[in-house]
Amino acid sequence: MTPSQAAKSANYRMEQSGSNPLYDGRYDDANPAATIAPPVQLYHPVFARFIDDVNNTALEIPGEVLVATADLMHKASGIYQDEDARKSKIRPALKKALSLDITNLVNDDRTSPDGGIMWTISKPEAALDHTVALAIKEEKRELGEGGCDPSTQASFSVQRYWVQHANNALRALCCCPTFLIAFAGPWISVLGAVFTDKCIPQRLTDFIWMGNGSVFNSHACRRVARVLYSLTRSLHELRRYYTTLPQTGPSTRFFPSPKEFQCPGSSTPVRFEYAEPLERDAGCVAFLCKTKEDNQSIVVKFAESYCSEAHAHLAAKGMAPQLLYCGPIDPSPGAPSYGGLKMIVMEYLEGKTVAQVEQHNLPGDFAVQLKKIIGVLHAGGFVFGDLRPPNIMVSKDKVKLIDFDWAGQMGIAQYPLHLSSRIVWPEGVGPLGKIEKAHDLAMLQALINPV
Ligand SMILES: Nc1ncnc2c1ncn2[C@@H]1O[C@H](COP(=O)(O)OP(=O)(O)OP(=O)(O)O)[C@@H](O)[C@H]1O
Ligand SMILES: [Mg+2]
């Protein structure tokens, strides 16, 4: 099936419940599969940089980019006789706005996206001459024509591009970061894709209106120009990445790219390597890692929010793993912000979660220990919120809490927007509701007196 066929809803639905789905978050309603992956910016910082640039209203956009964008918007407002007529007008205008060449691209199975921004990695010393797609573009004359969403078609196209035999060597080396451009009528969207053991395409912008909607269009033009200019900057960064990518060495494709953290009070970073994900599901963002210096086992995880104070409060009493770092993913000056995502590094506990231990194998004083921990947490002015078996560990007969993503100050901490419907939550728990001490106590009761 070609990418354009696969992207049509009946086929897309089948693909998403099949053995090789896109990990883009879409699922077949009649046969749901977990297709949500960690954010692509964790795998490659070029996407984090792009998101920062797109959101940076102070980004200085060169005059020629603004002028070229205005021309592109004028041409995107045209309604064309056929796709070729549109292409002949749009492609040169888009090339000019991006200051990058867009060429035809044919895969070895003869499928062909609407265009690509290609780059040849030339390393005579390594006898290497390899062309990579930095970006893949799918176009439609109008939104809705062709029977599929061009951003979905571009997602299938990037998957098809990277699984080609000719790309095996590169695919084994890195996560193949690629931008995708979906462009239909006067609408454009930019996506980022990586290929770990699965293809993960993610929307980095919404569909942006890029027609001339009124006589006063300069504000809209600046907005579109910022997206295009951010894309140009990111594509240059991607060129540098592929050019300098070591051709031998361990693969970097399966794990996030951040590989160091700064211990509080120390000026030298601690470097580490990823060993394995700590959960089986595709969305896992917690990893067992080894420090480079002394091969210590540590846990590195990523979260939108994390209560380091509650964690440290319990860790000081041996009731949680030692917390080694909680802060920005890359604190170095000029580094991308990763949208405020945090990196958390902690001691690795030998042991199992309560979800993995048979009830009769729990320590005899399990209930006493857990009650004490919750008592200490509450006495410190904190609530936990997610007191479930996978978030409690037993290590050498000691009970410890992990996962302080929801924890926070009593009276302030809130449940997240989405609460799993597969879990029976205590009375009064709801999305964005306050996390109450009483909820923790109800969950504690359910754990120590299971019915
Ligand atoms: N310090 C640790 N030592 C050993 N194993 C750990 C540690 N922290 C986490 N784990 C393992 O990793 C799993 C996921 O950890 P955690 O719950 O903190 O991550 P998460 O990203 O919040 O996951 P989820 O959303 O599934 O709760 C735990 O269930 C546990 O098996
Ligand atoms: Mg958890």
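A: In this predicted model, two elements, α6 (83–98) and β2 (128–140), each contribute at least two residues to the lining of the largest cavity. Of the elements involved, α6 gives the most to that lining, with three residues. The residues that line the largest cavity are E83, R86, K87, E139, K140 and R141, and when they are sorted by class the lining has six charged residues, with no nonpolar and no polar ones. As for its extent, the largest cavity has a volume of about 40 Å³, and a search of the whole structure finds one cavity of 30 Å³ or more.

Turning to the cysteines, the number of disulfides comes to zero, where a disulfide is taken as a pair of cysteine sulfur atoms within 2.5 Å. C175 is in no disulfide, since the nearest cysteine sulfur, which belongs to C174, is 6.0 Å away, and the cut-off for a pair is 2.5 Å. The relative accessible area of C175 is 2%, and C175 is therefore buried, as the term applies to values under 20%. C284 is likewise in no disulfide, and the nearest cysteine sulfur to it, that of C289, lies 10 Å away. With a relative accessibility of 5%, C284 also counts as buried.

Key
Residues are numbered from 1 along each chain as its sequence is written. Chains are lettered from A and ligands numbered from 1 in the order in which they are written. This is a predicted model: local features need pLDDT of at least 70, side-chain atom pairs count only at pLDDT 80 or more; totals for chains, interfaces and linings use all residues. Side-chain values use heavy atoms; hydrogens and water are left out. Buried means under 20% relative accessible area, exposed over 50%, partly exposed in between (1.4 Å probe, protein chains only). On a 1 Å grid over the protein atoms alone, a cavity is a set of points where a 1.4 Å probe fits but cannot get out, and a pocket is an open set with protein on both sides within 12 Å along at least five of seven lines; lining residues have an atom within 4 Å of a point. Grid points are joined across faces, edges and corners, and a volume is the space filled by probe spheres set on the points. Helices (H or I, at least four residues) and strands (E, at least two) are DSSP runs, numbered from the N terminus. Ala, Val, Leu, Ile, Met, Phe, Trp, Tyr, Cys and Pro count as nonpolar, Asp, Glu, Lys and Arg as charged, and the others, Gly among them, as polar.
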